[in-house]
Amino acid sequence: MSAPKKLFVKTWGCQMNVYDSERMAEAMGASGYEATESADDADMILLNTCHIREKASEKMYSELGRLKEHKLARPDVKIGVAGCVAQAEGAEIIRRQPMVDVVVGPQAYHRLPDMVARSSNGAKVVDTEFPEEDKFTRLPRGPKARRAPAAFLTVQEGCDKFCAFCVVPYTRGAEVSRPVARIIAEARDLVERGVVELTLLGQNVNAYHGAGPDGEAWSLAQLVRELARLDGLERIRYTTSHPNDMSDDLYAAHAELDKLMPYLHLPVQSGSDRILKAMNRRHTAETYMRVIERMRAARPDMALSGDFIVGFPGESDEDFADTMALVKEVGYGSAFSFKYSARPGTPAAGRELVPDDVAHERLLTLQAQITADQFAFQTSMIGRTLPVLVEKSGRKAGQVIGKSPYLHAVHFEAPATSIGQIVPVRIVASEKNSLTGRAE
Ligand code: SAH
Ligand code: SF4
Ligand code: F3S
């Protein structure tokens with residue numbers, strides 16, 4: 001038998017890309033490829049790309065530039081581009097970088113092993129279709145390898161919301177929910193391999209409406225309740241939610257289920273109703289605040305996270321002041337903020353831009369507030385004892401790193417044998433982006 005070939009995967013973008021990379025690597029495993037941590041000894045290099053902002057897509061072309069030498073030295077090495085840039089640009093990628101052999105869009109991943117086989121002898125293979133069949137059931141599974149304690153599981157994909165700035169509805173396609181039974185089967189498999197915490201993924205995960213075993217469409221809350229019954233699965237999270245898809249049963253699930261973690265990532269993008277309208281968000285700052293109030297009523301210790309865009313076309317100083325007011329009112333545990341990036345093919349692409357220096361200034365102001373709030377939230381944990389899921393060994397000997405219920409990284413001293421366990425940890429200090437604690 002020939003030695004296994006080596007596959008190197010590089011991933012950019014959101015958690016769904018991380019999940020997809022794992023699934024593609026597993027599928028390639030069934031065709032004799034094993035994963036490697038370095039591009040240098042790889043027989044195939046797969047770039048899983050993100051198209052959300054201009055900088056994100058540029059990263060793929062810089063990486064391809066760097067790989068040129070490698071491909072010249074070893075022309076037999078296959079180079080594949082997957083993800084949202086692959087979907088958006090398709091064959092154009094091969095025109096710009098002819099050394100690319102395979103371009104595969106996010107809905108065609110189950111065809112990757114076959115595409116790679118067909119790409120021999122210099123043939124180029126591009127697939128950016130949105131096929132009818134379910135890619136997840138057709139993605140071959142690899143051997144049952146042991147997994148890290150925390151894993152992602154995609155339950156819903158695509159988006160029908162068409163925010164004026166966003167490429168996702170075009171790159172990921174229409175909203176689709178996976179059936180409950182398949183999700184439960186995958187969750188069970190992951191738990192058998194050592195997974196303790198699952199993060200359910202979807203571009204609009206709380207719009208989940210997959211077919212249940214009873215033939216009805218199940219909500220995210222129903223799915224979470226079913227998953228919570230799995231022995232060995234201790235923690236459930238979900239991301240990303242949309243304010244318009246919150247439902248009564250999801251608030252209730254947070255109030256009732258200990259396994260459902262008190263952390264909600266709920267992007268709002270702006271605090272100005274005028275800008276929210278121009279963004280086609282179809283909610284107001286007020287309706288967003290009401291969702292947060294209801295969440296906090298159900299689960300008073302709920303940690304909140306959000307996404308913001310500054311410098312959206314038409315954003316005035318007053319609009320930005322509204323965003324700052326909303327941020328202060330919510331008091332986020334963490335949040336992500338971005339300068340608007342015009343994306344080809346989106347409705348806002350042709351609109352007049354806010355001057356770059358103004359947008360930049362606003363980004364700094366917003367980030368300073370978010371950082372201060374994040375630090376205040378972290379410091380409020382000092383002196384408390386939190387249940388921490390130990391995920392891996394730390395950089396220092398004898399140290400491990402785990403996650404608090406509120407998604408803080410927590411460093412503390414414990415043996416590596418504690419990986420996979422949830423242990424009580426007393427928080428003693430807050431660093432910039434993590435907490436330090438002592439096992440109780
Ligand atoms: N599905 C999620 C997140 C999508 S992308 C949601 O509905 O909120 C993640 C974040 O990237 C977005 O929340 C938004 O803040 C940011 N983003 C998306 N398009 C952008 C653009 N054109 N410019 C700057 N930021 C953008
Ligand atoms: Fe993009 Fe809006 Fe859909 Fe989120 S809801 S993925 S921001 S279009
Ligand atoms: Fe990027 Fe696609 Fe995710 S554009 S953020 S990789 S859905």
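This report walks through the sheets, helices and ligand surroundings of the structure above. Keep in mind that it is a predicted model.

**The six-stranded sheet**

Six strands make an open sheet here, in the order β2-β1-β3-β4-β5-β6, and their pairing is parallel. β2 (33-35) and β6 (125-127) sit at the edges, and because each has a single partner strand, one side of each is left without a neighbour in the sheet. From one strand to the next, the twist averages 20°. At the β6 end, strand β5 (residues 102-104) runs parallel to β6 and is joined to it by three bridges. Valine 103 is the residue standing opposite valine 126 in β6.

α1 lies across β1 (5-11), β2, β3 (44-49) and β4 (78-82), and runs at about 155° to β3. Helix α2 (residues 54-73) covers β1, β3 and β4, at about 175° to β3.

**The three-stranded sheet**

Another open sheet has three strands, ordered β7-β10-β11, again with parallel pairing. Its edge strands are β7 (150-154) and β11 (235-239), each of which pairs on one side only. Here the twist averages 25° from one strand to the next. β7 pairs with strand β10 (residues 197-201) in the parallel sense over five bridges, and leucine 153 has leucine 200 in β10 as its bridge partner. Helix α1 (residues 15-29) packs on this sheet, where it touches β7, β10 and β11, and its direction makes about 95° with that of β7. As noted above, α1 also lies across β1, β2, β3 and β4.

Where does asparagine 204 sit? You'll find it in the loop between β10 and α9 (220-228). Its relative accessible area is 3%, so asparagine 204 counts as buried. Leaving out residues up to four places away in sequence, asparagine 204 touches Gln156, Gly158, Cys159, Lys161, Glu175, Thr240, His242 and Asp245. One of these, histidine 242, is 38 residues away in sequence, yet the C-alpha to C-alpha distance to asparagine 204 is 5.9 Å.

Asn204 and His242 both turn up around ligand 2, along with Cys159, Lys161, Phe162, Cys163, Phe165, Cys166, Val168, Pro169 and Arg281. By class, that shell has seven nonpolar, two polar and two charged residues.

Ligand 3 has its own surroundings: Cys14, Asn17, Thr49, Cys50, His51, Ile52, Cys84, Arg172 and Gln203. This shell divides into four nonpolar, four polar and one charged residues.

**A helix pair**

Two packed helices are described by the angle between their axes and the distance between the axes. Helix α10 (residues 248-256) and helix α12 (residues 285-298) pack at about 35°, with 8 Å between their axes. The crossing of α10 past α12 is right-handed. On the α10 side the contact uses Asp248, Tyr251, His254 and Ala255, which meet Val291, Arg294, Met295 and Ala298 in α12. That contact comes out as five nonpolar, one polar and two charged residues.

Strands of a sheet pair through backbone hydrogen bonds, either parallel or antiparallel.

| Strand pair | Sense | Bridges |
|---|---|---|
| β15 (385-393) and β18 (422-430) | antiparallel | five |
| β15 and β16 | antiparallel | four |
| β16 (399-403) and β17 | antiparallel | five |
| β17 and β19 (435-439) | parallel | two |

Threonine 385 has arginine 426 in β18 as its bridge partner, while serine 393 stands opposite valine 400 in β16. Glutamine 399 is partnered by glutamate 413 in β17, and valine 410 by leucine 435 in β19.

Two hairpins come up along the way. β15 and β16 form one with five residues between them, and glycine 398 in its turn has a positive phi of about 80°. The hairpin of β16 and β17 also has five residues between the strands, and there leucine 407 takes a positive phi near 75°.

Key:
Residues numbered from 1 in each chain as written. Chains lettered and ligands numbered in written order. Predicted model: local features only at pLDDT ≥ 70, side-chain atom pairs only at ≥ 80, totals over all residues. Heavy atoms only, no water. Axes fitted to C-alpha atoms, helices over the stretch in contact; angles between N-to-C directions. Left-handed = near helix turned anticlockwise from the far one by under 90°. Contact = heavy atoms within 4.5 Å. Nonpolar A, V, L, I, M, F, W, Y, C, P; charged D, E, K, R; others polar. Pairing = 2+ DSSP bridges. Near = heavy atom within 4 Å. Buried < 20%, exposed > 50% of the residue type's maximum accessible area, 1.4 Å probe, protein only.
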